[in-house]
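Try each task before reading on.

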Amino acid sequence: MPNATRRDLVRGALAGGVALGLVDGARGTARLGDPQAPGFYRMRLGTCEVTILNDGARSFPMPDRFVRNVPRDEALGAAQAAYMPPGQVTVPFNPTLINTGAKLVLIDTGNGPVPGAPVGRLKANLAAAGVAPEDVDLVLISHLHPDHTNGLKTADGTPAFPKAEIRAAAVDWAFWMNDDNMAKAADAITQAYFANTRRVLGDLRDRIGTFAWDEEVAPGITALAAPGHTPGHTAFAVASGSDRLLVQSDVTNIPAFFLQHPDWHVMYDHDADQAQATRHRFYDMAASEKALVVGYHFPFPSLGHVERDGPGYRLVPIAWNAAP
Ligand SMILES: [Zn+2]
């Protein structure tokens, strides 16, 4: 490019920048520190509408035994390969709302209100998506871990979805609400989970029903056995017309670790060997079917396809589509 032409381009660009207020600070209008865009993503599934709602994400120093059966350095290598903050691991949380045309069904409820934490955004993102809490007809709980149940309560302890029927997997409910099981809990994490179920769900006992595996829990929504992460951990298949979506819940935690390495055991799995077997069975099914999968702990909007990749699997995220 001749020098004169390049000079003209630079001069033109500067003049344009000044006109836009980008160069002259006194005339600039750009602000810093605005909040993030609302986190919801909508898509059609047959005659249903599916909305993924982001509850936020947590980054925290990787615990020593985050992956129980590999050395910490190897797990940190996977975090680095996924460009997580140095020494940390990032876990997102994404509940799913299904509008069947007749009912609004929410699957899992996020972390609930946690002051100062970068989570608990479900309520705000529901509002941004145009849904009031009292519009929700049915809440399905995939398993009784705090990041899935605690959004059932508001900050003042009242029910967050006052008109909704609430149902949890029968096997999980029976396990976590049993005091003998609580007395036998050996490790601190499991003890904390038991304490949390009583704190959050104790006074909702009479309002919470259960469902069985293979039951059609709402029109087109079937509960699928996916035990291991917890005894009654449940995934869901949502079918409408010829479309099918697999709501995997926590078949795996973050995909950069446990989808790529399905034989790695995350510290939160109740029965690690059973969870590993469930992962293989579930992802072999998803890969064979070429099914669309939503993962509670996948990066938002947490939708993609799963492919076999060597001894593991890989997630092929969907591209953002402006038209639902
Ligand atoms: Zn979870």
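Two notes before you start. Residues are numbered from 1 along each chain as its sequence is written. The model is predicted, so local features need pLDDT of at least 70 and side-chain atom pairs count only at pLDDT 80 or more, while totals for chains, interfaces and linings use all residues.

**Exercise 1. Describe the chain as a whole: its elements, its span and its domains.**

Step 1: Start with the elements. The chain has nine helices and 16 strands, taken as DSSP runs (helices H or I with at least four residues, strands E with at least two) and numbered from the N terminus.

Step 2: Get the extent. The C-alpha trace spans about 80 × 45 × 45 Å along its principal axes.

Step 3: Domain 1 covers 1–34 and domain 2 covers 40–317, with bounds from an automatic or database domain assignment. Their centres, taken over C-alpha atoms, are 47 Å apart.

Step 4: Check burial. Of the 324 residues, 41% are buried, meaning that 20 or more other C-beta atoms lie within 10 Å of the residue's own, with C-beta atoms placed from the backbone (12 or fewer is exposed, in between is partly exposed).

**Exercise 2. Work out the strand order of the seven-stranded open sheet and find its edges.**

Step 1: The order reads S10-S11-S12-S13-S14-S15-S16, with mixed pairing. Two strands pair if DSSP finds at least two bridges between them.

Step 2: Strand S10 (216–218) and strand S16 (312–317) each pair on one side only, which makes them the edge strands.

Step 3: On average, neighbouring strands are turned by 35° against each other, direction ignored.

Step 4: Strand S15 (residues 303–309) pairs with S16 in the antiparallel sense over six bridges, and Asp 309 stands opposite Gly 312 in S16.

**Exercise 3. Which strands flank S12, and how do they run?**

Step 1: On one side, strand S11 (residues 221–225) runs antiparallel to S12 and is joined to it by five bridges. Leu 224 stands opposite Ala 235 in S12.

Step 2: On the other, S12 and S13 are also antiparallel, over five bridges. Ala 239 has Arg 244 in S13 as its bridge partner.

Step 3: The S12–S13 hairpin has two residues between the strands, and Gly 241 takes a positive phi near 60° there.

Step 4: As for cover, five of the seven residues of S12 are buried.

**Exercise 4. Is Phe 282 buried or exposed, and what does it touch?**

Step 1: Phe 282 lies in helix H9. Helix H9 (residues 272–289) lies across strand S12 (234–240), strand S13 (243–249), strand S14 (292–295), S15 and S16, at about 105° to S15. Axes here are lines fitted to C-alpha atoms, for helices over the stretch in contact, and angles run from 0 to 180 degrees between N-to-C directions.

Step 2: Count. Phe 282 is buried because 23 other C-beta atoms lie within 10 Å.

Step 3: List contacts (C-beta atoms, placed from the backbone, within 7 Å). Leaving out residues up to four places away in sequence, Phe 282 touches Ala 226, Ala 235, Gln 248 and Val 251.

Step 4: Compare sequence and space. Phe 282 and Ala 225 are 57 residues apart in sequence and 9.7 Å apart in space, C-alpha to C-alpha.

Definitions and conventions
Contact = placed C-beta atoms within 7 Å.
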